[in-house]
Amino acid sequence: MDLCNDLHGSANALVLAIRRAPINPLVTPMPDSPDLHALLKQYFGYASFRPLQEEIIRDALAGRDVIALLPTGGGKSLCFQLPALARDGLTVVVSPLIALMKDQVDALTASGVPATFLNSSLNANDARARMRGLHNGEFRLLYAAPERLMLSGMLADLERWGVNLFAIDEAHCISEWGHDFRPEYRQIAQLRDRFPQVPFMALTATATERVREDIAEQLKLRDPARYVASFNRPNLNYRISAKTGAYGQVLDFLRAHPRDSGIIYCQARKTTESLAEKLRADGIKAAPYHAEVPKEERSGNQEGFLRDEIRVICATIAFGMGINKPNVRFVIHYDLPKNIEGYYQETGRAGRDGLPSECLLLFSPGDVQKYLGFITEKPPAEQVIAREQLSQMVHYAECSGCRRVELLAYFGEGSEEENCGACDNCLTPRATFDGTVAAQKFMSCVFRIRQASDFGTGLNHVIEVLTGAQSERVLKWGHDKLTTYNIGHEHTRSEWAAIGRELLRLGFLRQTTDKFPVIELTDSGRAVLTSRTKVTLTKPVTAPDKVVSHVGEIACDELLFEKLRRLRKELADARAVPSYIVFSDVALRQMARLYPQTEGDFSRISGVGTSKLRDFGAQFLEEIAAHLRANPKQIFADESFTQKPSAPQRTKLTETVVATLHYWRGGRTAEEIAHLRDVKPSTIYGHLADAVDAGETVDLNRVLTADQQTRAAKAFYQFGWGNIPGTLESLGSGFDYGQLKVFRAVKNRESRRN
């Protein structure tokens, strides 16, 4: 079950495509429209739907086929869970993983929803008991794998059970064009022939237009309604770091996030095991997860992670599909992902609760060469696709623009903002340099090789010629006689490789997708080469001097939050379920901020429905009351916090910042407040910037005039949003360092809202 539905509110509401289909004439619409909002609050504890959920649900209830593409954490599960409660009959959910089925059913049961699953993990007695319940109409939802549903006896049972909806979760698995094709999913199409009157709902988080069309064709959907939500995950912070001593980098990151749990993705199974072993030796609770780990141990490691007993899972891509742990605070890619779809889906497992979370990728050109070697072992047709996908992934890793803009563009979504304020390239833009000479040398070398030999070569061979290598191929082909031979001694081979890849990204060069890809000049490259146009290049991705945590949380009483976490763990252990099944971190932080005293107050916390109020309300209210008997209630600067904060809170306000806000909201200027408090105006502006970062509202027009704001924006875009000193120097007199801090904080907050 997706948690924290209210947290996102209207954020992420961009709808890229909505096409409503006509009502299925074989299905009789419901005579009375159910009160979906009442059901939403009663069972799931949310006051409002996320974008597109209500439209998808109403189409399903009207008997329409639906394709729904919602990002990870976007509330896909609710789209078929709520219709199951709005009418009689059984909703059948086709799910690819046993662990996912148990996780979802546990969450639904805790919310008072009658649901069950059938799979190979059940013993004979449990399976028979569940079958009896299904025959007696005791359940509204049934989770099963596709191969289980296609058994002849099962098909006959489904006909007797009154199925009213087939929900195909992770629907991209049915497409050969998807990144996780599963042949057994192709069997699902037979359900359409057997149950022509029952609507289908296909759901996925990552699918290009081509994959979406294939899903519709394979499932035999009838003119389906199509819903595609924004791919933007505004709470995720994307970072790429050069891989230089990978284990040390990971250890530094984990020590900078001592309370957070997350996933580290590795390419090789051995790497997951060795990494987990090293982390345990350094005092971090970690465990490996890959296909060759014994089944019982693998399940235990996953369960321990879900229950917060294991802090870090070191895993191959086998881990994660459907893992519904909302408080994964970080995802690290220890190795380069093979394609952007996989990277997007894996990073999407962070921050499902909507709180800020980190996504770090350790990038090494060596990984690229390693993958290129693996690709040559694939069938020829697959090699072309794999090289193209790898090239797109490398482009993303090395690009100098906003990471979020790049990701959205890949999935066909535009972005009005060029600076997201939540990726490394926007927060700390990489330095640029005049690369005209380097570009001229590299492109001239490509041209001379083609001219002399009448054939092209790969990137590495061009670099060998530039750096004066005495390799067998250079000497054999006479490329040591070229005028461009050994003219590139000012750069190392790795630096030339980075320059070559950037020239590819800029479109001055192109790379073929043959078995042995070669580098060629494009028309624009020829134009630059002949006209000697200035070329600006970006310095390569580097490793930061130290890891700095940018993850923020909802400001609350941290002592009470820890007490509530312990209580949640005790209640979850007693029920043998993960902690988040009881309540999410978002719910606990709201409790520790709002201090609910009555059942009415408690029911207004996000995620508190009728069942959870009945089962857990008394214990949590007593814990809060006991805390207040021993500790004073903390007062937070913004008491308007409700179930839908407008942006992630990043810090708790200090008393001095609260005092500044008091004077500021009383109408005093920064200079007047500075005089009253015997500090410099820049200090007061710093307080205001901290307040904005924490979620407070500051009127920027009281800080800078409209003309100053325009000039500041242009300067920041020119010198980088992380470079306040350079921006200040370029603007000259009339600006204060603190004013620019406030300006940057407000703009970053606005970009997160959008």
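**Terms put to the test**

Modeller: Glutamate 464 touches Ala469, Ser471, Arg473, Val474 and Arg493, not counting residues up to four places away in sequence. Touching, or contact, means heavy atoms within 4.5 Å.

Biologist: What do these values rest on?

Modeller: This is a predicted model: local features need pLDDT of at least 70, side-chain atom pairs count only at pLDDT 80 or more, and totals for chains, interfaces and linings use all residues. Residues are numbered from 1 along each chain as its sequence is written, and side-chain values use heavy atoms, with hydrogens and water left out.

Biologist: Why is glutamate 464 called buried?

Modeller: Buried means under 20% relative accessible area, exposed over 50%, and partly exposed in between (1.4 Å probe, protein chains only). Glutamate 464 has 11%, so it counts as buried.

Biologist: What makes its link to serine 471 a polar contact?

Modeller: A polar contact is a pair of N or O atoms within 3.5 Å; within protein, one must be able to donate a hydrogen and the other to accept it, and residues adjacent in sequence count only if both atoms are side-chain atoms. The side chains of glutamate 464 and serine 471 make such a contact at 3.0 Å.

Biologist: Where is glutamate 464 placed?

Modeller: In helix H20, residues 459–466. Helices (H or I, at least four residues) and strands (E, at least two) are DSSP runs, numbered from the N terminus. The protein chain has 34 helices and 18 strands.

Biologist: How do you know that S10 and S12 pair?

Modeller: Two strands pair if DSSP finds at least two bridges between them. S10 (residues 261–265) and S12 are joined by 4 bridges, so they pair. They run parallel. Isoleucine 263 has isoleucine 313 in S12 as its bridge partner. S11 (residues 286–289) is also joined to S12 by 4 bridges, again parallel. There, tyrosine 289 stands opposite alanine 315.

Biologist: Which way do the side chains of S12 point?

Modeller: Val312 and Cys314 point one way, Ile313 and Ala315 the other. All are buried. In a regular strand the side chains alternate between the two faces of the sheet.

Biologist: What makes the β-α-β unit right-handed?

Modeller: A crossover is right-handed if, with the strands pointing away from the viewer, the path from the first strand over the helix to the second runs clockwise. The unit of S11, helix H13 (residues 295–306) and S12 is right-handed, so its path runs clockwise in that view.
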